[in-house]
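Please open the structure in your viewer and keep the selection panel at hand.

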Amino acid sequence: MHVRVLDLFCGGGGSSWGAFQAGAEIACGIDAWETAVSVFNDNFSGCGVHATITAESDPRDVLSYGPFDMILASPECTNHTCARGSRPRDEKSRLTAKHVLNYLKYYRPRWAVIENVVHMKRWDKYQELVTSLKDIGYKVRTQTLNASLFGVPQSRSRLFILCDLFSEPKIIQPAASKPNCTARSILDPVGTWSRSKLYSPGRALATIKRAERALKDLPPGEDFLVVYYGSDAAGGWQSLDRPLRTLTTLDRFGLVEHTAEGLTLRMLQPPELKRAMGLNESFILDRGTRRDKIRLLGNGVCAPVMKRIVETMVADECSSLISTVRRRGPKRIMTENKIESAKRLLANGLPRREVAVSIGVSIPTLYRWVPANSST
């Protein structure tokens, strides 16, 4: 079926890439970072808008890109995450989540998905946000999903607030069979990137200690990652035979390799981190500095997770629409766009006669709207 998406706080487009892979049309993306919008435009035919979303933002500014069937939103997360430690929280940043409500009220899309770090649930206005979504008319389900269960080579848990105007959102389940993707699977071939000796002059002592803890615990000759930043109960390193730990906006992972020259160390590079976010080679990431690219990826949404979310929510709509038609019989269903409803029903196998009756048009009219040889 045809679903048009508006992506708020879109970043480089991880959420949109997942929705696109699920068959949605990406109609517009909005972000305050110009580099992110440039990346978004490279991947989605120039439909990105450079703008800061505030309480005063007018949703009509992107009216020309509408209508929208679905709104995706990833409001600022920095002041929710535990990575901030004990530093003061910026309430203005956290309130960006509530700015999404203005767009939902104005456009009334069938679906919405709000994504953030799991620590958002500790925010004192979190329950108020959920209540506001319900007051608008949405049925709401909140779910925490780990990307590694969706075929992503990264252990990344995020909160998703799933909203549907008509039906209770289904629980999002991973596809039946997904490969056990590991950090090893994202690495470029040996020799692709320059590296230096682990025991080099000027190497930080803390880095050496992390590496030596791994060398003590691993079998001889096994490569591994040293992990920088954040609390670390695993000794500051990780095996390559498990999913990558959570990717952040910082240059966090160094690869230690056993070579003919001895132990070497190099940082993981943007193409490898792109794979760790579930983005395939056709996703374009050519803008900005290396630092910009890492920030874009670390702020993003793993595309396969959003793909599964969109597939599940839309499939539910298709089945419920057909069920409603057959239950009501000749009684017309109410719809804002009969042509789009006809296309959705036909694409999901409902006979033309039933479709014509359900939306209250003649069969010749239906053939005029959707010819027999058309692709629905």
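In what follows, Ala, Val, Leu, Ile, Met, Phe, Trp, Tyr, Cys and Pro count as nonpolar, Asp, Glu, Lys and Arg as charged, and the others, Gly among them, as polar. The model is predicted: local features need pLDDT of at least 70, side-chain atom pairs count only at pLDDT 80 or more, and totals for chains, interfaces and linings use all residues. Residues are numbered from 1 along each chain as its sequence is written, and side-chain values use heavy atoms, with hydrogens and water left out.

**The largest cavity**

Select E115, L145, A147, R156, R158, F160, G300, V301, C302 and V305, which line the largest cavity. A cavity is a set of points, on a 1 Å grid over the protein atoms alone, where a 1.4 Å probe fits but cannot get out; lining residues have an atom within 4 Å of a point. This lining divides into six nonpolar, one polar and three charged residues. The volume is about 50 Å³, taken as the space filled by probe spheres set on the points, with grid points joined across faces, edges and corners.

R158 is buried, at a relative accessible area of 15%; buried means under 20%, exposed over 50% and partly exposed in between (1.4 Å probe, protein chains only). Beyond its neighbours within four places in sequence, R158 is in contact (heavy atoms within 4.5 Å) with residues including E115, Q143 and T246.

**Aromatic pairs**

How many aromatic pairs does a search of the whole structure find? There are eight, where rings of Phe, Tyr and Trp (its six-membered ring) pair if their centres lie within 6.5 Å, with planes under 30 degrees apart stacked, over 60 edge-to-face and the rest tilted. Select F40 and F44: their ring centres are 4.7 Å apart and their planes at 45°, so this pair is tilted. Both F40 and F44 are buried. Next, select Y106 and Y107, an edge-to-face pair with centres 4.9 Å apart and planes at 85°. Y106 is partly exposed at 39% relative accessibility, whereas Y107 is buried at 13%.

**Helix α8**

Finally, select helix α8 (residues 290–298), whose buried residues are D292, K293, I294, L296, L297 and G298.

Conventions
Helices (H or I, at least four residues) and strands (E, at least two) are DSSP runs, numbered from the N terminus. On a 1 Å grid over the protein atoms alone, a cavity is a set of points where a 1.4 Å probe fits but cannot get out, and a pocket is an open set with protein on both sides within 12 Å along at least five of seven lines; lining residues have an atom within 4 Å of a point.
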